[in-house]
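Okay, thanks for coming, everyone. Let me put a structure up on the screen, and then we'll walk through it together.

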Amino acid sequence: MKLLDKYILKKYLSTFVFVVLILVVIICVIDFTEKNDDFLETNPPFKSIIFDYYLNLIPFYSNMLSPITVFIATVFVTAKLAGRTEIVAILSSGVSFRRMLWPYVMGAIVIGAFTFAMIGWVIPNSNKTRVAFEVKYIKKPYTFEGRNIHFKLNPESYAYIESYNNTANIGYKFTLETIKGNELLAKLTSDAITWDEKKNKWHLDNYVLRKFEGDREITKQYGPIDTTLNLLPKDFASTYRLAETLTLPELNKFINQKKMRGADDTEIYLIEKYERFSYPFAIIILTTIGVILSSRKRRGGIGLQVALGFTLAFIFIIFVIMSRSFAQVGDVSPMLASWIPSIIFTFIGIILYKTVPR
């Protein structure tokens with residue numbers, strides 16, 4: 001690595017860290033102001049507010065703001081270099097603009113790799129603690145309101161519950177069907193099914209079992225029984241910010257389980273999964289665009305360029321929000337929706353590279 005690369009890379013990474021810290025501190029102060037009334041009402045321990053909530057909120061916002069912080073850091077560093085005529089000197093020495101981009105790209109790769117590790121494993125684990133704090137002290141008590149719930153427990157078993165009380169962990173009007181191909185082999189019905197916390201099993205006071213053998217039907221009524229099912233009380237628990245609390249392996253497992261059960265709300269989890277892969281790539285693209293837009297020296301200083309960096313970064317976030325909404329309503333596939341902002345800004349970067357004078 002040449003001295004020039006070290007010089008630019010050091011300025012780029014240090015500025016990125018500085019911008020992240022400044023924005024996160026501002027957002028945390030705003031967040032505390034908004035939630036102060038909730039804290040006064042629920043009176044959580046001060047230690048929990050600091051260590052369980054805000055200490056885990058910092059990496060969450062650091063990742064969420066990465067498109068803005070990367071863009072601002074790139075524009076600020078490059079505009080300052082251009083303002084001091086350092087870029088002119090670099091290019092005049094025979095270094096091509098493409099070669100000058102290299103330390104920025106290296107820095108973006110470092111940030112992208114770090115971001116991927118954080119959003120894949122570290123941040124979801126910290127989010128578990130943060131979300132648990134929000135559910136306990138900020139959100140209203142959760143009540144499961146689903147009706148006529150269907151679950152596919154395995155390739156041949158299907159469960160149905162008319163309603164579920166998540167406070168008492170009781171499901172009402174329970175049905176379990178065994179279906180092979182298009183043939184119904186057995187059907188179990190019970191007025192209620194209750195979760196036994198001590199045994200970690202489901203309890204049925206009584207149930208009716210109907211077996212079908214060709215044209216023959218055998219019906220019997222049985223007494224109390226404890227049984228295990230591929231179904232747990234957590235399946236009826238609050239899904240508030242659930243996707244954010246799952247590491248990549250947990251997210252893949254959860255999505256596969258959702259698909260196996262035939263759930264129709266997998267889009268939000270698929271979007272979360274694919275965005276974790278697209279974010280590091282977006283960081284490289286936004287860094288490149290930032291260098292292209294701010295490499296010229298301007299008479300008015302760097303204010304206009306920094307403002308332009310803010311604007312484009314917010315446009316990127318708007319694209320992320322819009323594409324996520326389209327995927328959730330089923331208009332766009334989750335994978336395509338997650339990559340649309342990066343694809344669009346890649347084309348913008350190519351156009352700017354070919355047209356913007358440097």
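So, let's start inside: which residues have the most contacts inside the largest nonpolar core? They are Phe71 and Ile289, and that core has 52 residues. By nonpolar core I mean a set of buried Ala, Val, Leu, Ile, Met, Phe, Trp, Tyr and Cys residues joined through side-chain atoms within 4.5 Å. Buried is under 20% relative accessible area, exposed is over 50%, and partly exposed is in between, with a 1.4 Å probe and protein chains only.

Before I go on, a word on where this comes from: it's a predicted model, where local features need pLDDT of at least 70, side-chain atom pairs count only at pLDDT 80 or more, and totals for chains, interfaces and linings use all residues. Residues are numbered from 1 along each chain as its sequence is written, and side-chain values use heavy atoms, with hydrogens and water left out.

At least two of its residues come from each of α1 (3-42), α2 (46-64), α3 (66-83), α4 (86-92), α5 (97-137), α7 (267-294), α8 (303-328) and α9 (334-355). There's also a second, separate core of 20 residues, and Ile149, Phe151, Ala186 and Leu204 are among them.

Now the whole protein. You're looking at 9 helices and 8 strands; these are DSSP runs numbered from the N terminus, H or I with at least four residues for helices, E with at least two for strands. The radius of gyration, taken over C-alpha atoms, is 27 Å, well over the 21 Å from the globule rule for 358 residues, so the protein is more spread out than a compact globule. That rule, by the way, is 2.2 Å times the number of residues to the power 0.38. Along the principal axes, the C-alpha atoms fill a box of roughly 90 × 50 × 35 Å. And 42% of the 358 residues count as buried.

Last stop, two asparagines. As background, most residues other than glycine have a negative phi. Asn43, though, has a positive phi, near 55 degrees. You'll find Asn43 in the loop between α1 and α2, and it counts as exposed, at 62% relative accessibility. Then there's Asn148, also not a glycine, with a positive phi of about 50 degrees. Asn148 sits in strand β1, residues 147-154. Is Asn148 buried or partly exposed? Partly exposed, with a relative accessible area of 44%.
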